[in-house]
Amino acid sequence: MNLQERAKEDFLNTLLRLSYIKDKTRRKQLIKKAKSLAEKIPEFKGWPKAKKFWDIESSAWNVKIPNHVRRFIRKELLNRIKPGGLNLALGSGSYPYIKDSVLVDYSEKMLEQVIVKCKKKVIHNIQKIPWPFKDNQFDSITAVFILNYLKNLMHVFKEARRVLKPMGKLI
């Protein structure tokens with residue numbers, strides 16, 4: 001194993017440990033270590049900046065949520081949206097819950113992981129305005145496991161209102 005492969009393995013193991021550490025001092029130490037390791041690995045350089053973070057997260061995103069939880073979420077969403085309507089999946093990541101949706105995500109790597117049939121994949125930071133969609137275009141917008149990661153919710157909600165049809169739903 002060469003130096004770069006060893007750094008990559010150490011970086012990924014450090015990220016895994018971060019998932020389980022609650023102590024703030026220990027977390028800071030691990031983040032510092034991960035930043036240092038990321039600088040030695042071309043595809044991870046720039047971590048933990050948002051885009052690079054999500055590009056790296058894409059490799060594990062499909063397994064983070066158990067399948068029974070995903071099925072429950074999908075069923076709940078399908079009960080609330082208009083059948084046959086056009087859905088916009090915000091931050092759809094690698095797992096859109098509604099088939100034939102328009103998927104928008106900040107990370108190209110996340111969208112590459114998608115195995116469900118979709119209408120279109122759009123790479124865009126939804127915190128930036130304007131979104132690349134027409135007014136009144138969507139019957140529904142789904143935002144699963146995304147809102148807690150956003151810093152500019154008011155902009156997101158304003159754009160959601162703009163691209164939703166009258167009586168459209170943001171779920």
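This is a predicted model: local features need pLDDT of at least 70, side-chain atom pairs count only at pLDDT 80 or more; totals for chains, interfaces and linings use all residues.
How many aromatic pairs does a search of the whole structure find? Residues are numbered from 1 along each chain as its sequence is written, and side-chain values use heavy atoms, with hydrogens and water left out.

**View 1. The overall fold has six helices and five strands.** Helices (H or I, at least four residues) and strands (E, at least two) are DSSP runs, numbered from the N terminus. Follow the chain and you get α-α-α-α-β-β-α-β-β-α-β. Of the 171 residues, 38% are buried; that means under 20% relative accessible area, with exposed being over 50% and partly exposed in between (1.4 Å probe, protein chains only).

**View 2. F133 and F138 make an aromatic pair.** The search of the whole structure turns up one such pair. F133 and F138 sit edge-to-face, 5.2 Å centre to centre and with 85 degrees between the planes. For the pairing rule, rings of Phe, Tyr and Trp (its six-membered ring) need centres within 6.5 Å; planes under 30 degrees apart are stacked, over 60 edge-to-face, and the rest tilted. Both F133 and F138 are buried.

**View 3. Strand β4 pairs with β1 and with β5.** Five of the five residues of β4 (residues 138-142) are buried, so the strand is largely enclosed by the rest of the structure. β1 (residues 87-90) runs parallel to β4, joined by three bridges, and here N87 stands opposite S140. β4 and β5 also pair in the parallel sense over three bridges, with L164 in β5 as the bridge partner of F138. Two strands pair if DSSP finds at least two bridges between them.

**View 4. D10 and K33 meet in a salt bridge.** The structure holds seven salt bridges, each a side-chain nitrogen of Lys or Arg within 4 Å of a carboxyl oxygen of Asp or Glu. For D10 and K33, the N to O distance is 3.4 Å. D10 lies in helix α1 (residues 3-18) and K33 in helix α2 (residues 24-38), so the pair ties together parts that are 23 residues apart in sequence. D10 is partly exposed at 27% relative accessible area, and K33 is partly exposed at 32%.

View 5. R80 counts as partly exposed at 41%, as does E76 at 26%.

**View 6. D135 and R162 form another salt bridge.** The closest N and O atoms are 2.6 Å apart. This pair links distant parts of the chain, 27 residues apart: D135 is in the loop between β3 (120-123) and β4, and R162 is in helix α6. D135 is partly exposed at 49% relative accessibility, and R162 is partly exposed at 22%.

**View 7. E159 is a buried residue of helix α6.** Helix α6 spans residues 153-163, and the relative accessible area of E159 is 6%. Leaving aside neighbours within four places in sequence, E159 is in contact (heavy atoms within 4.5 Å) with I129, P130 and W131.
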